[in-house]
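The stops below go from selection to selection.

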Amino acid sequence: MKQTVPVVGVDVSKRISDMCVLAPNNEIMARLKIYHDLTSMERSVAELRRVENECGVAPVIVMESTSHYHLILFQFFCEAGYEVIVVNPIQSGALKNINVRKVKNDKVDAYKIAMLYRLKVLRKSQVPVDSLRGLRLLCRQRAELMNDVTSYKNRLAAYLDQIFPSYDKVFSDVGGAASRAVLRECPTPQILLLKSENELLRIICIAGYKGHTFGVKKVEKLRHVAEDALRLGLYAPGNAAVVISAVAMLDALLNGIWEIEQAIKALIIQELFIQKNIALLQTIPGIGPHSSIALLAEIGDFTLFQKPKQLVAYFGLDPSQRQSGMFTDSKMKLSKRGSSYVRALLHLAAVSSVAPHQNQSPANPVLFAYYQEKCKTKPPRIVMCALMHKLCNIIFAVLRDQKPFEWRQPEQHATRLGLVSVA
């Protein structure tokens, strides 16, 4: 980092950001309020041009990563031709508290963010390229909608436990296509018993896609459960409206997920490097199509990671350390400073890689053997974190080498690394 360039610190807020310009000698050259509209942002660029003409060199812009609010400023200043550095708010926040006096305002914060560049201690936060940023946005939106679907399924199940007891014995997934089709037409047992068997069969067969025999069995069970529910279920005038509204919300959420997935597919088709890396990640046992896409989106620019431990720390799976004087905390916890989305994905992948599926062998026998051995001395949740750590190392190796995953026993790894001689 050169000390002869002017530095611009930007304290980012939702609607208004503060800009502080430091000359090469660290004197304040200008302060400016940036309203997040085109006129104000063009005025800030004009000020930067003035500073560039006066100093003879373009200034470097430093801003903190603040939710999504910094992205518009980042893109605008990059398109204007300036070097923009986005820093982690943990670093900028630490410098903001450097004074003994408790002074907190946006002007002071913008100045301290600029000084962070002079101290040569800042670490750039990753801002993915447009395609990966779009993919990350889509994947996160899909994850949020999936959580909403689970929430509404649980809510619908709670309603049916009261209104339509034992309904879940007919349809184990009350939010499934066939179940939702039935509940749209027959939200209460009273309404269902008014329908003919042929009408119920038609509803189930159209929505269930499982044929006539499946429909006949479901109709028989439904009518039996509905007759019992007439005596057991709670009756209230608003029952039908409550169930119908919950089903309508599920329909809307599932339709939104489908549209998001179509947008994800369209984006992937446009980028060959995304297609290649997704295919590579899917060769790792336990990582499926959706997980591979979301993992790649969360990783972003992989070239920024030089070592596996950097990727581990980026995911927030590195242990936090506490030590002072003679005290050293033996109960180290995960730092969890990375994306919570990616940790959820890695946990799912770790479970999928060691859990037997339908009496079959686990997807990753090597990790399964490691899991069983470690569970003898460690709690399962601790061992699961270790599995996630190992998966990070595997992901790093696959993306670094641009080669599919290969099965290797620990002895084979040791031999390849030269730690064990071949007899």
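Helices here are DSSP runs of H or I with at least four residues, numbered from the N terminus. The model is predicted.

Begin with a loop: select residues 380–401 for α16 and 410–416 for α17, then pick Gln402, which lies in the loop between α16 and α17. Gln402 is not a glycine, yet its phi is positive, near 55°. Most residues other than glycine have a negative phi.

Leaving aside residues up to four places away in sequence, Asn277 touches Gln402, Leu296 and Leu399. Asn277 has a relative accessible area of 11%, so it counts as buried, the cut-off being under 20%.

Next, select residues 130–163 and 239–270, which are helices α5 and α10. Their axes come within 9 Å and cross at roughly 160°. The pair is therefore roughly antiparallel, since that class takes angles over 145 degrees. The crossing of α5 past α10 is left-handed. Colour the contact by residue class: 25 residues are nonpolar, 5 polar and 4 charged.

Last, move to the loop between α5 and α6 (177–185) and select Ser166. Ser166 is partly exposed, with a relative accessible area of 28%.

Conventions:
Residues are numbered from 1 along each chain as its sequence is written. This is a predicted model: local features need pLDDT of at least 70, side-chain atom pairs count only at pLDDT 80 or more; totals for chains, interfaces and linings use all residues. Side-chain values use heavy atoms; hydrogens and water are left out. Axes are lines fitted to C-alpha atoms, for helices over the stretch in contact, and angles run from 0 to 180 degrees between N-to-C directions. Helices (H or I, at least four residues) and strands (E, at least two) are DSSP runs, numbered from the N terminus. Angles under 35 degrees count as roughly parallel, over 145 as roughly antiparallel, 65 to 115 as roughly perpendicular and the rest as oblique. A crossing is left-handed if the near helix is turned anticlockwise from the far one by less than a right angle, and right-handed if clockwise. Ala, Val, Leu, Ile, Met, Phe, Trp, Tyr, Cys and Pro count as nonpolar, Asp, Glu, Lys and Arg as charged, and the others, Gly among them, as polar. Buried means under 20% relative accessible area, exposed over 50%, partly exposed in between (1.4 Å probe, protein chains only). Contact means heavy atoms within 4.5 Å.
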